[in-house]
Amino acid sequence: MALIMKYIDSMHHYMDKYGDPRTKDWPLMSSPFPTLALCLGYVYLVKVLGPRLMENRKPFQLKNTLILYNFVQVVFSAWLFYEIGVSGWLTGHYNFRCQPVDYSNHPKTLRMVHACWWYYFSKFTEFFDTFFFVMRKKTSQVSTLHVIHHGCMPMSVWFGVKFTPGGHSTFFGLLNTFVHIVMYTYYLFSALGPQFQKYLWWKKYLTTLQMVQFVAIMVHAFQLLFIDCNYPKAFVWWIGMHAVMFFFLFNEFYQNTYKVNKMRRAAAAEARRLAALQEAANGNANGSVTSNGSAVTSNGSAVTSNGSAVTANGHHGKNGAVHHHSNGSATTNGSLLSMSNGGNKAADYYVRGDLPAEIEITQRQPSSRNHQVQ
C-alpha cells in the first residue's frame with residue numbers, strides 16, 4: 001500500500017510540474033482518477049448493472065426524451081465546432097502541418113483552452129447514448145465498439161486538456177464535433193418516428209464519414225514524426241494510435257453490418273428467383289404442348305398445331321381437329337359433336353376424318369386405355 005501511495009504522489013508531482021497551470025484547478029483536472037472512475041463506472045453500468053435492472057422490466061419508450069437529447073447534442077456539437085474553429089483552425093492562424101501549443105493568456109488562446117475543456121465534458125454527456133439503449137433494452141446497440149469508444153474518450157481527452165490544451169491535437173476535436181453534428185442529426189430524425197425513415201437512407205455513409213475522420217486524424221498526427229515541430233511526440237503517438245484503433249473497430253462494424261447484410265439480401269433474392277423457376281417448372285409439368293402430333297392429359301388441357309388432342313374433362317381444338325369429350329363438347333369449324341356417358345371417365349370414342357361429311361364414329365376397343373389419333 002505504501003508503494004502505491006508513493007507512486008500516486010509521484011504522479012501528482014509530475015502532473016503539477018508539467019501540467020498546464022491554466023487548467024490545474026478546473027473541474028476534474030487535478031487528477032486523472034475521478035475521470036477514470038467515471039469511465040469504469042460507465043462500463044459497469046451499461047454492461048452489468050443496467051441490463052440486470054432491466055431484465056424483468058418492459059423497455060422505456062423515451063421518444064420525447066430522445067428528441068430533446070439529440071437536439072441538444074446537435075446544438076452543443078455545433079457550438080463546440082464553432083468555438084474550436086474560430087479560436088484557431090478556421091481563422092488561418094493555425095498551421096495544419098505543425099501547430100505548437102500556445103501557453104499564453106491571450107484571449108483567443110484562452111478561448112481555445114476553454115473549448116478544449118468543454119469538448120472533454122461533452123464526452124461524459126455522450127454516456128447517455130448508451131444509457132438510453134439500456135433503458136430501451138436495445139442490447140444489440142451496446143456493442144463492444146460502442147462501449148470502448150465511449151468509455152475511452154473522456155480519459156483520452158483528459159490528458160490533452162491537462163498538458164496540451166490547444167495546438168496540433170485540437171484538430172481531432174474539430175473533425176469529431178463536425179461528425180457529431182451529422183451523427184446526432186441522424187439520431188434526431190430517427191427518434192421523430194417512422195414517417196422520417198425515408199430520409200435516413202444515408203446511415204451507412206455516416207459510418208464511412210467516421211472512418212474518413214480517423215484516417216484524416218492519423219495523417220495529421222503522424223506527419224509530425226517526420227518533420228521538426230515543437231509539439232510533444234508522446235501526444236502524437238497518443239492521438240494517432242487512438243485514431244488507428246477506432247478506424248479498425250469502425251471498419252469491422254461496417255463490414256459486419258453492411259457487407260454481410262448485402263450478401264444476405266443477395267442470397268435471399270437468388271432464393272426467390274430459384275423458387276419462381278421451380279414453380280414455373282411445376283406448372284409446365286401439369287400439361288403438354290405438341291406440334292404435328294398428339295397430346296393426352298387428364299383433368300388438364302393440351303394444345304396442338306395441325307394435329308389432334310384428346311382430353312378428359314377439358315376442351316381445346318385447332319385447325320379442324322375434333323375432340324371427343326366425356327362430360328363435354330367439341331366444336332370444329334362450326335360442327336358440333338356432343339356425347340355424354342354420365343361419368344368422369346376417359347372418352348369411349350375417337351373421331352376419324354377431316355370433313356364433317358366424312359366423320360365416322362367407331363366404337364373403341366375396351367382394352368384401349370390411351371387416346372389414339374390418326
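Biologist: Here is a place to start: in which helix does threonine 109 lie?

Modeller: Threonine 109 lies in helix α4. Do keep in mind that this is a predicted model.

Biologist: Why is threonine 109 called buried?

Modeller: Buried means under 20% relative accessible area. Threonine 109 has 12% relative accessibility, so it counts as buried. Apart from neighbours within four places in sequence, threonine 109 is in contact with Arg22, Asp102 and Ser104. Its C-alpha atom is separated by 8.3 Å from that of glycine 88, 21 residues apart along the chain.

Biologist: What makes the pair of tyrosine 120 and phenylalanine 124 edge-to-face?

Modeller: Two numbers decide that one. Ring centres must lie within 6.5 Å to pair, and planes over 60 degrees apart count as edge-to-face. For tyrosine 120 and phenylalanine 124 the centres are 5.2 Å apart and the planes stand at 85°, so the pair is edge-to-face. Both residues belong to helix α4 (residues 107-125), and because they are four residues apart, about one helical turn separates them.

Biologist: How do you know whether tyrosine 120 and phenylalanine 124 are buried or exposed?

Modeller: The cut-off for buried is under 20%. Tyrosine 120 has a relative accessible area of 0%, so it is buried. Phenylalanine 124 is buried as well, with 12%. Beyond its neighbours within four places in sequence, tyrosine 120 is in contact with Leu28, Met29, Thr35, Pro154, Val157, Trp158 and Val161.

Biologist: And what makes phenylalanine 76 and tryptophan 79 a stacked pair?

Modeller: Planes under 30 degrees apart count as stacked, provided that the centres lie within 6.5 Å. Here the centre-to-centre distance is 6.3 Å and the angle between the planes is 20°, and the pair of phenylalanine 76 and tryptophan 79 is stacked. The two residues are three apart in helix α3 (residues 63-89), about one turn of the helix.

Biologist: Why is phenylalanine 76 called buried, and why is tryptophan 79 called partly exposed?

Modeller: Under 20% is buried, over 50% is exposed, and partly exposed is in between. Phenylalanine 76 has 17% relative accessibility, so it counts as buried. Tryptophan 79 has 37%, so it counts as partly exposed.

Biologist: Let us stay with helix α3, where asparagine 70 lies. How do you know that asparagine 70 is buried?

Modeller: Its relative accessible area is 5%, and the limit is 20%, so asparagine 70 is buried. A polar atom of its side chain lies 2.8 Å from the backbone oxygen of leucine 66. Not counting residues up to four places away in sequence, asparagine 70 touches Tyr184, Tyr187, Leu188 and Ala191.

Biologist: What makes the buried residues of helix α1 line one face?

Modeller: The buried residues in α1 are Ile8, Met11 and Met15. Seen down the axis of α1, they fall within an arc of 60°, so they line one face of the helix. Their cover includes α2 (33-54) and α6 (144-163). The face turned away from the buried side of α1 carries the exposed residues Ala2, Leu3, Lys6, His13 and Lys17.

Biologist: Which residues have the most contacts inside the largest nonpolar core?

Modeller: They are Val46, Trp89, Tyr120, Val161 and Tyr231, in a core of 55 residues. Helix α9 (residues 233-284) gives the most to this core, with nine residues. There is also a second, separate core of 12 residues, which includes Tyr69, Val74, Tyr186 and Ala191.

Biologist: Where is lysine 137 found, and what is its phi?

Modeller: Lysine 137 lies in the loop between α5 (127-135) and α6. Its phi is positive, about 60°, although lysine 137 is not a glycine. A relative accessible area of 33% makes lysine 137 partly exposed.

Note on methods:
Residues numbered from 1 in each chain as written. Predicted model: local features only at pLDDT ≥ 70, side-chain atom pairs only at ≥ 80, totals over all residues. Heavy atoms only, no water. Buried < 20%, exposed > 50% of the residue type's maximum accessible area, 1.4 Å probe, protein only. Arc of directions from axis to C-beta. Contact = heavy atoms within 4.5 Å. Core = buried A, V, L, I, M, F, W, Y, C linked by side-chain atoms within 4.5 Å. Phe/Tyr/Trp six-rings, centres within 6.5 Å; stacked < 30°, edge-to-face > 60°. Polar contact = N/O pair within 3.5 Å; in protein donor to acceptor, adjacent residues only side chain to side chain.
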